[in-house]
Amino acid sequence: MTIFNVITLFGGLALFLYGMQMMGDGLKKGSSDALKRAMEKVTNNPLVGFFLGLAVTAVIQSSTATIVLTSGLVGAGILTLRQSIGIILGANVGTTVTGQIIRLLDVNASASSWLNFFKPVTLAPLAAMIGIIFLMVVKSRKSETVGSIAMGFGILFTGLLSMTSAVAPLSESETFAQMFMGLSNAPVLGFLLGTGVAFLLQSSSATIGILQAISMTGALTFSSVYAIIIGVNIGDCVTTAIVCSIGSKADAKRTGVIHILFNIAGSILVIAGLLLLHNFGVLDSLWNKVMTSGGIANVHTTFRLLSAALLLPVCGKFEQLSRRIVKDDKEIGENVDRELELLDEKFFTSPALALSGASDAITTMARLARSAVAGAMENLQKYDQNVVAVINENEEHIDKLADHVDNYLIKLSPHVPTGHGNDLLNYYIQCFGEFERIGDYAVNLTENAGELIERNVQFSSVALQEIAVLKEALDEILGYTYRAFSAMDHQAARSIEPVEEVVDDLVATLRANHIRRLRDGQCTVYAGLTFLDILVNVERIADQCSNVGVYTLSVFDKNIMNSHHDYIHELHQGKDELFNTAYQNTHEKYFGRLAGIEK
């Protein structure tokens with residue numbers, strides 16, 4: 001084997017790893033919505049979790065990604081630790097699907113047989129051609145995803161063929177054959193070799209793929225590779241456990257620990273079983289059998305299936321042991337901890353999950369801001385220090401969520417593919433700041449109420465009734481705004497602007513009324529200035545709601561996205577009959593209330 005063979009070998013390995021990553025990324029992008037829904041619906045039945053973990057890993061081609069996502073869901077409180085165990089066991093089996101695909105190296109058919117289409121030498125260029133067509137010719141939302149999957153598949157098999165070509169000269173090397181024969185008598189060394197390579201490559205599938213390529217030399221026997229295959233399981237889970245433990249809560253860390261415990265227990269059981277069967281002569285026909293690519297894939301799948309079958313009935317013990325190893329977190333009283341846990345960078349491997357976590361956090365901001373405004377408006381009519389304390393606490397939570405959402409979305413942006421996912425990312429970036437400002441204006445309103453109490457100043461009964469009308473209008477517009485964002489409700493978003501225009505009209509009318517009362521001596525100067533300040537805050541709250549409404553409509557209509565100002569201008573010019581009708585009905589409702597006050 002020359003230096004050129006070595007270069008070809010490592011170049012093929014580079015292509016293999018890149019193709020696997022590209023294919024896996026494409027599969028994750030294409031299935032991330034279904035993945036999220038499936039993961040959230042898992043039950044407490046470990047068997048259901050097992051099949052879910054198996055299916056998800058088979059689809060996204062990465063047990064590490066599945067378990068890291070599971071860890072994030074556990075940390076966010078979407079899954080319990082017990083629910084995650086079945087998924088972890090299933091992920092261990094699902095990762096063997098890659099090896100079963102690579103076994104196509106064994107396809108042997110005559111020149112005219114249709115089976116030749118399944119040989120890697122044919123599949124690789126076919127997949128690459130399909131991939132480049134979807135990437136460069138077909139223009140649709142899904143074309144890039146499909147193209148990435150096909151191109152990754154083609155690159156993976158191209159790398160695999162390069163590796164098999166590079167190691168072909170070793171089939172005639174006596175030294176190489178003797179080296180692997182030596183592993184038959186040194187299973188510990190084989191175990192460490194498998195563990196080390198899997199840890200370095202951070203992929204059990206890639207390590208098994210290398211073994212499958214080397215198997216084409218005919219130098220591998222069952223006795224020389226079984227320990228390597230078992231070691232691969234350990235090396236892979238160490239990397240996963242490290243990733244799961246970074247910046248996570250106790251239960252999220254425990255998912256990584258359970259993964260290690262499961263693989264250690266499974267490895268011990270499989271090794272013990274193999275040695276016993278070998279000593280009794282049961283494995284004599286298999287022990288020195290030359291391993292093909294398909295044989296290695298079958299051994300890998302069988303080992304992991306046996307481990308899962310033996311350990312699934314006692315999976316509760318793994319939970320108990322993990323709790324002894326990883327101690328509970330100290331309790332903290334934040335009521336937005338769940339939302340903060342959802343903003344976990346582990347979800348970057350599945351952008352749909354990450355965006356969903358950001359949506360939940362911003363929805364909580366919207367709910368807290370809406371509640372704060374309602375409380376602040378009530379406090380202007382009847383002051384309550386406890387309400388002020390709640391509003392201030394809500395404001396702290398809103399600010400904390402805003403800071404985390406801001407950083408999270410910036411870090412997430414490189415991972416989000418173009419298309420709908422990127423549109424949602426931009427939408428969330430636009431909206432979270434609006435809810436933060438609404439929370440700020442609610443605090444301003446509580447300060448207005450506090451100033452009145454400090455100076456022992458009271459509003460007139462008419463002013464208090466006017467504030468009640470404003471509160472009702474704010475309740476309506478904030479309700480529409482909350483529904484527009486939380487449910488991506490197009491109709492609710494359309495309903496915001498008519499109310500916003502009426503709020504502007506109310507503010508203008510109440511400002512004129514109050515100035516008249518000041519002139520007539522019906523109100524003190526300080527109370528008058530405070531009332532005018534309240535009107536400013538109310539108007540700004542309605543403006544932020546208007547922004548959220550337009551941003552939401554932009555998600556549905558690209559024309560609005562390109563020109564927010566033109567859209568609002570056309571509405572205010574009376575060019576939309578639906579807007580005109582809604583505005584007229586809302587105007588009559590609230591100005592009818594004002595007319596009743598004046599009478």
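Tutor: Rings of Phe, Tyr and Trp (for Trp, the six-membered ring) form a pair if their centres lie within 6.5 Å; the pair is stacked if the planes are under 30 degrees apart, edge-to-face if over 60, and tilted otherwise. The model is predicted, so to speak of local features requires pLDDT of at least 70 and side-chain atom pairs count only at pLDDT 80 or more, while totals for chains, interfaces and linings use all residues. Residues are numbered from 1 along each chain as its sequence is written, and side-chain values use heavy atoms, with hydrogens and water left out.

By this pairing rule there are 12 aromatic pairs. One of them joins Phe-222 and Tyr-226: the ring centres are 5.8 Å apart and the planes lie at 20°, so this pair is stacked. Phe-222 and Tyr-226 both belong to helix α11 (residues 222–245), four residues apart, or about one turn of the helix. Helices here are DSSP runs of H or I with at least four residues, strands are runs of E with at least two, and numbering starts from the N terminus. Phe-222 has 3% relative accessibility and therefore counts as buried, where buried means under 20% relative accessible area, exposed over 50% and partly exposed in between, with a 1.4 Å probe and protein chains only. Tyr-226 is buried too, at 2% relative accessibility.

A second pair consists of Phe-348 and Tyr-408, whose ring centres are 5.2 Å apart and whose planes lie at 45°, so the pair is tilted. Phe-348 sits in the loop between α16 (337–342) and α17, whereas Tyr-408 sits in helix α18 (residues 385–412); the pair therefore ties together parts that are 60 residues apart in sequence. Phe-348 is buried at 9% relative accessibility, and Tyr-408 is buried with a relative accessible area of 4%.

There is also an aromatic cluster, made of Tyr-427, Tyr-428, Phe-435 and Phe-485. Leaving aside residues up to four places away in sequence, Leu-355 touches Leu-412, Val-416, Gly-421, Leu-424, Leu-425 and Tyr-428; contact means heavy atoms within 4.5 Å. Leu-355 and Leu-424 are 69 residues apart in sequence, yet their C-alpha atoms are 7.6 Å apart in space. Leu-355 is buried, with a relative accessible area of 5%.

Met-488, in the loop between α20 and α21, has a positive phi of about 50° although it is not a glycine. Met-488 is partly exposed, at 23% relative accessible area. Ser-495 lies in helix α21 (residues 490–519) and is buried at 16% relative accessibility. A polar atom of the Ser-495 side chain lies 2.9 Å from the backbone oxygen of Gln-491.

In helix α22 (residues 525–556), Thr-530 is buried, with a relative accessible area of 4%. Thr-530 touches Asn-448, Leu-452 and Phe-459, again not counting residues up to four places away in sequence.

The axes of helix α12 (residues 250–279) and helix α14 (residues 293–311) come within 9 Å and cross at roughly 110°. That makes α12 roughly perpendicular to α14. Axes are lines fitted to C-alpha atoms, for helices over the stretch in contact, and angles run from 0 to 180 degrees between N-to-C directions. Angles of 65 to 115 degrees count as roughly perpendicular, under 35 as roughly parallel, over 145 as roughly antiparallel, and the rest as oblique. On the α12 side the contact is made by Phe-262, Ala-265, Gly-266, Leu-269, Val-270 and Leu-274, and on the α14 side by Phe-303, Ser-307, Ala-308, Leu-310 and Leu-311. These residues divide into nine nonpolar, two polar and no charged; Ala, Val, Leu, Ile, Met, Phe, Trp, Tyr, Cys and Pro count as nonpolar, Asp, Glu, Lys and Arg as charged, and the others, Gly among them, as polar.

Over the whole protein there are 25 helices and zero strands. Of the 599 residues, 52% count as buried. Among contacts with a separation of 6 or more, 81% come from residues 24 or more positions apart.

Methods:
Polar contact = N/O pair within 3.5 Å; in protein donor to acceptor, adjacent residues only side chain to side chain.
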